[in-house]
Amino acid sequence: MKNLINNLYNYRLLLKSNVKKDIRGKYKASFLGILWSFINPLLTALIYAIVFPFILKNTEQHYVTFVIIGILPWTYFVNTIIQGTTCILSNAGIIKKVYFPREILPISINISGLINFLISCIIIFIFLIFSGIGFSKYILFLPLIILVQFLFQLGIILITSSIEIYVRDAEYIISFLINMVFYATPIIYSANMFENTKIAWLIRLNPMSSIINSYRNILFYQTIPELKSLLITLFGCIFLLLIGFIIFNRLQRGFAEEV
Amino acid sequence: MKANNSKAIDIQDVTKVYKLYYDKPSTLKERLVFWNKKKAEERIILNNISLEISKGETVALIGVNGSGKSTLLKLMTKIIYPTKGTIKTYGKLTSLLELGAGFHPDFTGRENIYFNASIFGLTEKAINQRLQSIIDFSELGELIDSPVRTYSSGQYMRLAFSIAINVDADILLIDEILAVGDQHFQDKCFEKLEELKNNKKTIVIVSHSLDSIKKLCNRTIWINNGKIEKDGNTREVMEEYKKVCG
């Protein structure tokens with residue numbers, strides 16, 4: 001473990017330039033460039049905001065803001081998991097030719113996603129201001145929640161990206177699972193809608209629920225997040241991350257041959 | 001274990017087996033359907049090799065195609081791992097298995113210097129110090145600020161070689177890439193390698209160009225069918241080699 005941290009520190013410039021490449025390369029040939037990271041989730045949120053008030057009988061007040069606070073972290077989650085799962089495979093060229101700590105690849109995907117997310121947080125703030133909700137002191141919890149999400153995602157993609165090399169089905173299974181988890185996460189609905197129903201446990205079990213709920217609590221409802229649930233999620237994520245590093249380390253020995 | 005001061009590379013009883021699949025199962029369905037069909041053939045690339053290379057040695061690996069030279073080099077870089085045995089390297093190691101691996105065609109030469117050198121594990125400060133000597137060595141002049149995709153293949157190689165050679169590694173692994181650029185640049189590369197050799201850097205070269213090996217390396221290891229056929233003074237090994245393969 002100490003070795004790994006040392007190694008990553010030595011290769012910090014590679015991490016930095018990889019993140020730069022990810023961000024710059026992503027929207028390179030498009031007219032609107034980085035603006036797409038705003039427009040995309042914004043349009044999605046608008047669609048939900050138009051459609052769901054008809055489907056759900058009683059939606060929240062300020063439903064657009066409500067949805068956007070859920071959609072943006074979710075977009076960060078989805079993009080990171082999807083790109084992260086294939087990040088080793090898509091870098092086959094350098095994996096075969098040069099030695100560097102392979103962990104750099106999933107970590108840099110997660111970091112460039114994070115930067116995108118932080119920029120798109122501006123949208124959340126704009127909506128909070130214009131809907132009259134404003135800000136509260138609980139916004140100070142924001143870094144903690146982002147940290148939990150970051151660790152959770154890193155743990156997942158360390159595992160999925162290394163499995164993907166051996167079993168190419170991983171990416172398809174993952175994208176299906178993500179679709180499923182979307183409905184088990186309170187993004188378009190609020191968590192208390194399912195309270196006292198048979199599937200409430202399912203939603204509570206989902207780490208993304210706890211994360212999205214926390215964002216919503218501090219930004220939308222302006223209350224303290226459910227600390228117990230958030231801390232359990234945090235420890236769960238750290239545990240997942242450790243397992244992720246162990247699995248990745250095991251499987252990375254074969255990357256150059258299998259890729 | 002404490003590192004022996006004079007050792008650069010230490011290879012103990014290394015065996016490398018490649019699994020060759022005629023039809024590689026890479027999806028779940030194939031894995032499930034064909035789980036009991038032994039389609040993999042195991043091919044032993046390196047068979048129980050032990051060798052030590054001391055600091056400051058310039059060693060050539062020779063042998064016919066498919067004898068396992070490049071595999072040995074890849075094992076030393078830690079791109080692949082041995083099936084059995086251990087490999088230890090002491091000091092900073094740079095490998096030139098393929099020039100320009102990880103170049104990004106849309107970025108300028110200058111940006112690619114940063115990107116490529118960072119793959120070799122250099123920090124920003126270290127690259128800034130070397131930037132000028134890399135650009136000078138490559139002789140690209142003002143082209144350095146154009147995107148790499150506009151380079152000719154020779155210019156591309158020159159830039160890649162200049163970066164790799166200026167990384168300042170203790171151990172340099174080179175795989176059949178001495179034929180870079182035009183005659184003038186080749187001579188220059190050669191001079192640089194001589195200079196590194198005189199600076200007590202450890203160099204391991206895989207090459208088929210026996211003439212350049214003769215000039216550069218004191219020690220030659222002849223690998224045949226995954227085993228060390230002969231290891232020793234370049235002139236002696238070369239004579240034996242020429243008898244069989246010449």
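This is a predicted model: local features need pLDDT of at least 70, side-chain atom pairs count only at pLDDT 80 or more; totals for chains, interfaces and linings use all residues.
**View 1. The open sheet of chain B.** Six strands of chain B form an open sheet with mixed pairing, in the order β5-β6-β7-β3-β8-β9. Strands β5 and β9 (227-233) of chain B stand at the edges with a single partner strand each, so one side of each has no neighbour in the sheet. On average, neighbouring strands of this sheet are turned by 15° against each other, direction ignored.

**View 2. Strand β6 of chain B and its two partners.** Strand β6(B) covers residues 171-175. On one side, β5(B) (residues 93-96) runs parallel to β6(B) and is joined to it by 4 bridges; here Thr94(B) stands opposite Leu172(B). Strand β7(B) (residues 202-206) also runs parallel to β6(B), with 5 bridges between them, and Leu173(B) stands opposite Val204(B).

**View 3. Burial of strand β6 of chain B.** Of the 5 residues of β6(B), 5 are buried. Ile171(B), Leu173(B) and Asp175(B) lie on one side of the strand, Leu172(B) and Ile174(B) on the other, and both faces are covered.

**View 4. Strands β3 and β8 of chain B.** Strand β3(B) (residues 58-62) and strand β8(B) (residues 219-224) run parallel and are joined by 4 bridges. Ile62(B) has Trp222(B) as its bridge partner in β8(B).

**View 5. Helix α2 of chain B over the sheet.** Helix α2(B), residues 69-77, lies across β3, β5, β6, β7 and β8 of chain B. The helix runs at about 150° to β6(B).

**View 6. The side of chain B that touches chain A.** Contacts link 23 residues of chain B with 19 residues of chain A. Helices α1 (28-33) and α3 (109-119) of chain B each supply at least two residues of this side of chain B. The largest share, 4 residues, comes from α3(B). By class, the side of chain B that touches chain A holds 10 nonpolar, 9 polar and 4 charged residues.

**View 7. Helix α11 of chain A.** Helix α11(A) runs over residues 207-221, and its end C-alpha atoms are 20 Å apart; this agrees with the 21 Å that its 15 residues should span at 1.5 Å a residue. Because 14 of the 15 residues are buried, α11(A) is largely enclosed by the rest of the structure. Just after the helix, Gln222(A) takes a positive phi of about 55°.

**View 8. Confidence along chain A.** The average pLDDT of chain A is 88, and 97% of the residues score at least 70. In chain A, confidence is lowest in helix α3(A) (residues 36-55), at a mean of 82, and highest in helix α8(A) (residues 142-166), at 96.

Definitions and conventions
Residues are numbered from 1 along each chain as its sequence is written. Chains are lettered from A and ligands numbered from 1 in the order in which they are written. A residue is buried if 20 or more other C-beta atoms lie within 10 Å of its own, exposed if 12 or fewer, and partly exposed in between; C-beta atoms are placed from the backbone. Two strands pair if DSSP finds at least two bridges between them. Two residues are in contact if their C-beta atoms, placed from the backbone, lie within 7 Å. Ala, Val, Leu, Ile, Met, Phe, Trp, Tyr, Cys and Pro count as nonpolar, Asp, Glu, Lys and Arg as charged, and the others, Gly among them, as polar. The expected span of a helix is 1.5 Å times one less than its number of residues. pLDDT is the predictor's confidence in each residue, from 0 to 100. Axes are lines fitted to C-alpha atoms, for helices over the stretch in contact, and angles run from 0 to 180 degrees between N-to-C directions.
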